Amino acid sequence: MNKGIAIDRTVSILLLCLWMAVIFNMSAEPASVSTETSSEIIKQIASAVNPKYDSLSKAEQDSIIESWQHIVRKSAHFLEYVVLGVLSANAVRSLRLKKAFRYAIPPIFAALYAVSDEVHQIFVPGRSCELKDVAIDTAGGIVGCAVFFALMWLAKRVHTYKTRPQKQ
């Protein structure tokens, strides 16, 4: 095996495992910690979008945070699985499998990890297993895979265009 291919494969799999650990750790946070994290993100966004946010009353700020809490949390689910989809597609690409497997395994993997992630949350204080979150996570994984495959297709087209013989 080519040394470069082995390094590529190792790095790809390590990045995937690292991201899985990130997802696992975020899912291991009790609901109170998770809510506080998303509240802080909303505060930062609200302050950036509306310079008067900090001068609003505590009740008005809490109302804004509450109204955005659901969308921020679900967007985070989706985006963390977009990254998982990209990394899993890249890891599978490095394994040099048949084309059908390269396209099928990453989204299936993302869906199975989404299920395991939600089951894991049953054991975390204040968290629950939500079928809706499995669907959001799986959709994110599929989008991540699609983005990866589209970029690989585009890179191949550009490479083919640049390396084809020029007409004289």
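A139 lies in helix α5, where helices (H or I, at least four residues) and strands (E, at least two) are DSSP runs numbered from the N terminus. The model is a predicted one, in which local features need pLDDT of at least 70 and side-chain atom pairs count only at pLDDT 80 or more, while totals for chains, interfaces and linings use all residues. Residues are numbered from 1 along each chain as its sequence is written, and side-chain values use heavy atoms, with hydrogens and water left out.

With a relative accessible area of 32%, A139 is partly exposed; buried means under 20% relative accessible area, exposed means over 50%, and partly exposed lies in between (1.4 Å probe, protein chains only).

The packing of α3 against α5 may be considered next. The two helices pack at an angle of about 45°, with their axes 6 Å apart; axes are lines fitted to C-alpha atoms, for helices over the stretch in contact, and angles run from 0 to 180 degrees between N-to-C directions. This angle makes α3 oblique to α5, because angles under 35 degrees count as roughly parallel, over 145 as roughly antiparallel, 65 to 115 as roughly perpendicular and the rest as oblique. The crossing of α3 and α5 is right-handed; a crossing has this hand if the near helix is turned clockwise from the far one by less than a right angle, and is left-handed if the turn is anticlockwise. By class, the contact of α3 with α5 comprises 12 nonpolar, eight polar and five charged residues. Here Ala, Val, Leu, Ile, Met, Phe, Trp, Tyr, Cys and Pro count as nonpolar, Asp, Glu, Lys and Arg as charged, and the others, Gly among them, as polar.

K74 pairs with D133, the closest N and O atoms being 2.6 Å apart. This pair links distant parts of the chain, with K74 in helix α3 and D133 in helix α5 (residues 131–163), 59 residues apart. A salt bridge is defined as a side-chain nitrogen of Lys or Arg within 4 Å of a carboxyl oxygen of Asp or Glu. Side chains of opposite charge can pair when their charged atoms come close. Both K74 and D133 are buried, and D133 has a relative accessibility of 4%. When neighbours within four places in sequence are set aside, D133 is in contact (heavy atoms within 4.5 Å) with K74, H77 and E118.

The structure holds four salt bridges. One of them joins D8 to R93, with 3.0 Å between the closest N and O atoms. D8 lies in helix α1 (residues 3–27) and R93 in helix α3 (residues 58–93), so that this pair, too, links distant parts of the chain, 85 residues apart. At 26% relative accessibility, D8 counts as partly exposed. Another salt bridge is formed by D62 and K58 (3.1 Å, N to O). These two residues both lie in helix α3, four residues apart, which is about one turn of the helix. D62 is partly exposed, at 35% relative accessible area, whereas K58 is exposed, at 58%.

Helix α3 also meets helix α4 (residues 99–121), and the two axes come within 9 Å and cross at roughly 140°. That angle makes α3 oblique to α4. The crossing of α3 past α4 is right-handed. On the α3 side, the contact is made by H77, Y81, L84, S88, A89, V92 and R93. The α4 residues include F101, I105, F109, Y113 and E118. The residues of this contact divide into 11 nonpolar, three polar and four charged.

The loop between α3 and α4 contains L95, which is partly exposed at 37% relative accessibility. L95 touches R9 and I13, not counting residues up to four places away in sequence. The C-alpha atoms of L95 and I5 are separated by 9.1 Å, although the residues are 90 apart along the chain.

Finally, the axes of helix α2 (residues 31–49) and α3 come within 9 Å and cross at roughly 110°. That makes α2 roughly perpendicular to α3. In this contact, S34, T35, S38, S39, I41, I42, K43 and A46 of α2 meet I64, I65, W68, Q69, V72 and R73 of α3. The contact of α2 with α3 has seven nonpolar, five polar and two charged residues.
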